[in-house]
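Subject: Handover of a structural model

Dear colleague,

Please find below the structure that I am handing over to you. I would be grateful if you would read the notes that accompany it.

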Amino acid sequence: MDAQDFADVLDAVRSFVRERVVPREEEIEETDRIPADLRRASADMGLFGYALPEAYGGLGLSMSEEVRLAFELGYASPAFRSMFGTSNGIAGQVIVKAGTDEQRERWLPRLAAGTAIGAFALTEAEAGSDPSTLTTTARKDGDHYVIDGSKRFITNAPEADVFMVFARTGGEGGHGISTFIVEAGAEGLTVGRPDQKMGQRGAHTAEVFFDGVRVPASAMVGEEGTGFRTAMTSLSHGRLHIAAVCVGLSRRLLDETVAYARERRQGGQRIADHQLIQGLLADSQTELYAGRAMVLQAAKAYDSGEDRRMGPSCAKYFCSEMAGRIADRAVQVFGGMGYMRGVAVERLYRDVRLFRIYEGTSQIQQIVIARALVR
C-alpha cells in the first residue's frame, strides 16, 4: 500500500471511530455486543484483514502501518477493536506465518472478509503465563489426531468459526506442543458460557472444552512440535499491537480529562488553572508522548527484522502500565464524577486494567526483557 492510500485509510478509520463508534459506546456497554451495522461497516472498510496479506483479501499492512492504525482504533472502547483484532493478530498470524498454502487459501480470505472469526486457544487453567506447561493433548490415531483438554479465557470463543488450538503431542515443555486448526461445531468441542468480566463488555471470552475431538493430520499447522514457537511468534506481533492500542486509548483518556478540566469550575476558576491538576495532565501527556515514540520505534525494528522480541515486550509492558496510570489520573481529575457509571473515564478505567494481563502479563514482559539482556 502506497503512502497516500494508507493516509486515506487512516483518515477514514479516524472519522469512523470518532463519529460512529464512540457515540455508541454506552450501547455496547449496556448490550454487551457490537452493533451489527458497525460490524458490517468495519468489514467493508477492510478492518477484519488489515494485518493479513493482500493476496488473501487483506490490507497487508506492515507493522509500522499497523501500529498507526491501532492508535486510531484504540481511541474507542476496546471491545470494538477486539471484534476483529484476534482474526488479524494472534489467531490469523498463526496461519500467515506457519500455515500451508491450502490452509491459507481456505481460511485467510474468510478471516479478512469477516465471514469467519478466529480464536487463539492457548491459555489453560494451569498454563497461562507459562503456556509451555499446557496439558491439553493431541494423540495420533491413524491419519487423525484426537484432542482432549480445555482452554480458558479464549477471546471470541462464543462467536468463533475456527480455533487455533495448541496441544501436547510429545514430551514435556515447549518442544512437545503442536498447533491444530479446529472448526467450530466439531464433534466433542464445547464452548462455555461467556465470562462475566470487570470491563471490556462487548468483547467475549469463554472456556473451550475438547472431548475426543478428531481432526485430520492435515489440520496441523507447521511441523509437529513447533507449536510453542508459533505461539510465541504470534504473541510478539500481538504485544506490539496491544501497546499501540494502549497509546490510542491513553490519547482518548487524556482528551476526556483535558476537556473536563477546562469546563469544570471550583472556587470561581477552571480546575485546569490549578497547578496540581496541571501536574496530573502534564504527567499523562509526557508518558503518552514516550509511549507513542516507543511503539513507533519498536515497529520499525520489527519490520526490519532487527528486533521482534525485546522491543514488543518493552512496548507492551510500558504502554499497558502507562494506560493504567493515565486512566487513574483521569478519574482523579474528574473527582466524584469519575467514579460514576455512565461517565466515559469510569468505563475506560475498568477496560484498561486487562491490558496489563493478557497476551503476557507485565511480569512476563519483565522476564522476556531481562532474559534478552543477559542472554
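Predicted model: local features only at pLDDT ≥ 70, side-chain atom pairs only at ≥ 80, totals over all residues.

Residues are numbered from 1 along each chain as its sequence is written, and side-chain values use heavy atoms, with hydrogens and water left out.

The UniProt record, an unreviewed entry, lists "Acyl-CoA dehydrogenase/oxidase N-terminal" at residues 9-114. UniProt positions are given in the numbering used here, feature names are shortened, and annotations may be inferred rather than shown by experiment. Residues 9-114 are 67% helix and 0% strand, with end C-alpha atoms 18 Å apart; helices (H or I, at least four residues) and strands (E, at least two) are DSSP runs, numbered from the N terminus. The record then places "Acyl-CoA oxidase/dehydrogenase middle" at residues 119-213, a span with 0% helix, 48% strand and end C-alpha atoms 17 Å apart. For residues 225-373 the record gives "Acyl-CoA dehydrogenase/oxidase C-terminal"; here the chain is 76% helix and 3% strand, and 27 Å separates the end C-alpha atoms.

Ser82. This residue belongs to helix H5 (residues 78-88). Ser82 counts as buried because its relative accessibility is 7%; buried means under 20% relative accessible area, exposed over 50%, and partly exposed in between (1.4 Å probe, protein chains only). Leaving aside residues up to four places away in sequence, Ser82 touches Thr155, Asn156 and Ala203, where contact means heavy atoms within 4.5 Å.

Met337. The loop between helix H10 (310-334) and helix H11 (344-352) holds Met337. With a relative accessibility of 43%, Met337 counts as partly exposed.

Cysteines. How many disulfides does the structure hold? There are zero, a disulfide being a pair of cysteine sulfur atoms within 2.5 Å. For Cys246, the closest cysteine sulfur is that of Cys319, at 6.4 Å, so the two are too far apart for a bond. Cys314 also has its closest cysteine sulfur in Cys319, at 10 Å, which is likewise too far for a bond. Cys246 is buried, at 0% relative accessible area, while Cys314 is partly exposed, at 25%.

Yours sincerely
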